[in-house]
Every structure is written in C-alpha cells, then in structure tokens.
Amino acid sequence: MREQVAPEQRRPWARPGFETFGSIFGFIYTFLAGNVLLAVANAPLVLCLALVADPAAAWPFFLALTVTVAPSLAGMFAAFRSLNDDGAAVRPVAAFLRGYTRSFRRAAPLGLSAVAVLMFLGLDLVIVQSMPAAAVLVPLIVVAAAVTVSLTVTATAGVVLLPEARLKSILKASLYLVAQRWYLSLALLVLLGIIVSAAVLQPVLGVALAPAPLLFVVWSNASYAFHAALHSS
C-alpha cells in the first residue's frame with residue numbers, strides 16, 4: 001500500500017515564503033532608491049554628463065565634479081549594510097542619509113585627495129605621452145591611478161564597516177587589502193568602469209539602472225576582505 005503524503009509535505013520548495021519575497025523586495029527597493037539618492041547626491045556631475053556631448057574632452061572638469069562621489073558611496077554602502085542587517089525591514093533612504101552624514105567627515109577628504117591625485121596623474125599622462133620614455137611612464141601612471149581608485153573605494157567601505165577606527169588605520173588596512181586581494185581590486189575597477197561607461201553613454205538610464213547593483217558587488221567584496229582580515233589577525 002502506497003504511503004499517503006500530506007499536502008503540506010509535498011514539494012515545500014513550490015511555495016516561496018513571505019521572507020523570500022520580502023528579501024527580494026528589499027534588494028529591489030534598496031537598488032532603486034540607492035540609484036536615485038546617488039543621482040541627487042552627485043547632481044552637478046549627473047547634470048553635466050547629460051548636457052555635455054563629449055565629457056572626455058573636458059575630463060579635468062568632470063574629474064573635479066567627482067569630489068562628491070566618495071561621501072555618496074559611503075551612504076550607499078551604509079544602505080547595503082542595513083540591507084544585510086534588516087532584510088525585508090530595510091529603510092534604504094534613512095540608512096543612506098544616516099551613513100552619508102556619519103561618514104562625511106572622513107569620506108569627503110578621501111574623495112578630495114583621490115581627485116587631487118588623479119588630476120595630477122592625468123596631467124602627467126598628457127605630458128609624458130610625447131616623451132621618449134612614454135612606453136615606461138604611461139603604464140606606471142595608469143597603475144598608480146588604478147591603485148588610487150581601488151584604495152579610495154576600499155577605504156570608503158572601511159569607513160562604513162569600522163566607524164570607530166582611525167582613518168589612518170583604515171587607509172593602511174585598505175592598501176594592504178588592495179595589494180593582497182588584487183583580484184578583488186581588479187573586479188572593482190571593472191565594475192566601476194561599467195558604471196562610468198553607462199553614465200557617459202546614457203546618463204539618465206545609466207545612472208538610473210547601473211550603479212547600485214554593481215556597487216553592491218563592490219561592497220560585498222570589500223566587506224568580505226575586511227572581515228577576513230579581521231578574523232585572521
């Protein structure tokens with residue numbers, strides 16, 4: 001005689017629970033709200049990208065406008081942290097604003113320093129291209145720029161993850177992680193490159209859709225690297 005199986009015991013995977021839908025909604029809500037908040041926090045940059053036909057021709061101007069990016073990244077990372085902690089009950093707008101204000105004092109100098117270094121490296125790149133040693137100097141400048149970007153983003157994540165730590169200590173740890181986990185740094189640069197390309201080619205759609213999901217991957221990698229380093233120390 002065949003054993004009878006109760007209906008509620010059949011294929012439990014066929015009925016996704018409320019928590020699953022809540023989690024999915026939390027991600028979607030955080031991504032959509034995060035993109036809007038990023039656009040608002042970097043409104044001058046987004047507006048100029050939409051109005052200027054060839055941003056590459058005016059790269060120093062646009063690079064200067066990116067000074068607002070680091071604090072907005074801190075706000076976005078705080079929203080992602082809240083998403084991990086609160087799940088379906090996440091409040092991304094409140095988390096973003098809270099992270100932005102709490103981290104601004106340390107994230108803003110990171111952004112300003114990164115813009116200054118990248119401006120210096122960019123001008124050097126323009127100058128050395130016509131020099132005989134360009135084949136050696138150009139790759140060095142490109143690597144220095146890549147390290148600057150990776151270090152700034154990783155340190156911004158560290159500011160959110162370790163709010164009580166000193167900025168100098170976070171920078172040292174971030175530099176170590178950028179070098180040790182170079183593959184994560186490479187992934188970070190690729191993802192940021194996709195975001196920048198989307199924003200330049202299609203400013204409205206690019207800013208509305210691309211940043212948050214890709215930045216979530218950046219945040220997850222940085223969070224993993226910091227936690228792994230803390231556990232191993």
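The largest pocket has a volume of about 1400 Å³. A pocket is here an open set of points, on a 1 Å grid over the protein atoms alone, with protein on both sides within 12 Å along at least five of seven lines; lining residues have an atom within 4 Å of a point. Grid points are joined across faces, edges and corners, and a volume is the space filled by probe spheres set on the points. The lining of the largest pocket comprises 40 residues, and L63, T66, L118, L192 and V196 are the closest to its centre. By class, this lining of the largest pocket holds 32 nonpolar, eight polar and no charged residues (nonpolar: Ala, Val, Leu, Ile, Met, Phe, Trp, Tyr, Cys and Pro; charged: Asp, Glu, Lys and Arg; polar: the others, Gly among them).

The structure is a predicted model, in which local features need pLDDT of at least 70 and side-chain atom pairs count only at pLDDT 80 or more, whereas totals for chains, interfaces and linings use all residues. Residues are numbered from 1 along each chain as its sequence is written, and side-chain values use heavy atoms, with hydrogens and water left out. The mean pLDDT (the predictor's confidence in each residue, from 0 to 100) is 86 for the chain, and 88% of its residues reach 70 or more. Over residues 5–18 the pLDDT is below 50, and this stretch has two contacts (heavy atoms within 4.5 Å) beyond near neighbours in sequence.

The second largest pocket contains about 340 Å³ of space. Among its 15 lining residues, A78, R81, G99, R102 and V160 lie nearest the centre. Helices α4 (69–86), α5 (92–128) and α6 (134–161) each supply at least two residues of this lining, with the largest share, seven residues, coming from α5. Helices are DSSP runs (H or I, at least four residues), numbered from the N terminus. The lining of the second largest pocket has five nonpolar, three polar and seven charged residues.

Helix α6 also contains T156. T156 is counted as buried (under 20% relative accessible area) because its relative accessible area is 0%. Leaving aside neighbours within four places in sequence, T156 is in contact with A70, L73, A74, F77 and L110.

N35 is located in helix α1 (residues 18–41) and, at 4% relative accessibility, is likewise buried. A polar atom of the N35 side chain lies 2.8 Å from the backbone nitrogen of A212. Residues up to four places away in sequence not being counted, N35 touches V207, A208, L209, A210, P211, A212 and P213.

Technical notes
1 Å grid on protein atoms, 1.4 Å probe; cavity = no way out; pocket = protein on both sides within 12 Å on 5 of 7 lines; lining within 4 Å. Buried < 20%, exposed > 50% of the residue type's maximum accessible area, 1.4 Å probe, protein only. Polar contact = N/O pair within 3.5 Å; in protein donor to acceptor, adjacent residues only side chain to side chain.
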